[in-house]
Amino acid sequence: MQNNLRGKVLGAYPSITAFAKAIKWDRKKASRIVNGRQDPSTKDIEEMVSLLEISNANDFVNIFFDGLSTLRTE
């Protein structure tokens with residue numbers, strides 16, 4: 001998640017600090033989430049989707065669920 005999310009955030013904002021201000025989060029929280037050291041809550045994801053204007057389902061999955069596999073192991 002972090003590489004795709006980080007790319008999306010830094011593509012839209014000049015820094016994580018600027019992103020944190022825009023989303024009204026503490027800079028440390030934004031940094032932890034963007035760099036993959038903290039999983040975002042559902043509310044956090046909703047806020048990021050709105051702020052980053054993610055409207056495509058494929059983009060959403062690639063950004064927030066990239067590491068999940070659809071393969072089932074038995």
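Relative accessible area, taken with a 1.4 Å probe on protein chains only, sorts residues into buried (under 20%), exposed (over 50%) and partly exposed in between. Lys43 counts as exposed at 53% relative accessibility. This is a predicted model, in which local features need pLDDT of at least 70 and side-chain atom pairs count only at pLDDT 80 or more, while totals for chains, interfaces and linings use all residues. Residues are numbered from 1 along each chain as its sequence is written, and side-chain values use heavy atoms, with hydrogens and water left out.

**Salt bridges**

- The whole structure holds two salt bridges, each defined as a side-chain nitrogen of Lys or Arg within 4 Å of a carboxyl oxygen of Asp or Glu.
- Glu47 pairs with Lys43, with the closest N and O atoms 2.7 Å apart.
- Glu47 and Lys43 are four residues apart in helix α4, so about one helical turn separates them.
- Glu47 is partly exposed at 25% relative accessibility.
- Asp44 and Lys29 form a salt bridge at 2.9 Å, N to O.
- Asp44 is in helix α4 and Lys29 in helix α3 (residues 27–34), so the pair ties together parts 15 residues apart in sequence.
- Asp44 is buried at 6% relative accessible area, whereas Lys29 is partly exposed at 22%.

**Packing of α2 and α4**

- Helices are DSSP runs (H or I, at least four residues), numbered from the N terminus.
- Helix α2 (residues 16–23) packs on helix α4 (residues 42–51) at about 105°, with the axes 11 Å apart.
- The two helices, α2 and α4, are therefore roughly perpendicular (65 to 115 degrees).
- Phe19, Ala22 and Ile23 of α2 meet Glu47, Met48 and Leu51 of α4 (heavy atoms within 4.5 Å).

Notes:
Axes are lines fitted to C-alpha atoms, for helices over the stretch in contact, and angles run from 0 to 180 degrees between N-to-C directions. Angles under 35 degrees count as roughly parallel, over 145 as roughly antiparallel, 65 to 115 as roughly perpendicular and the rest as oblique.
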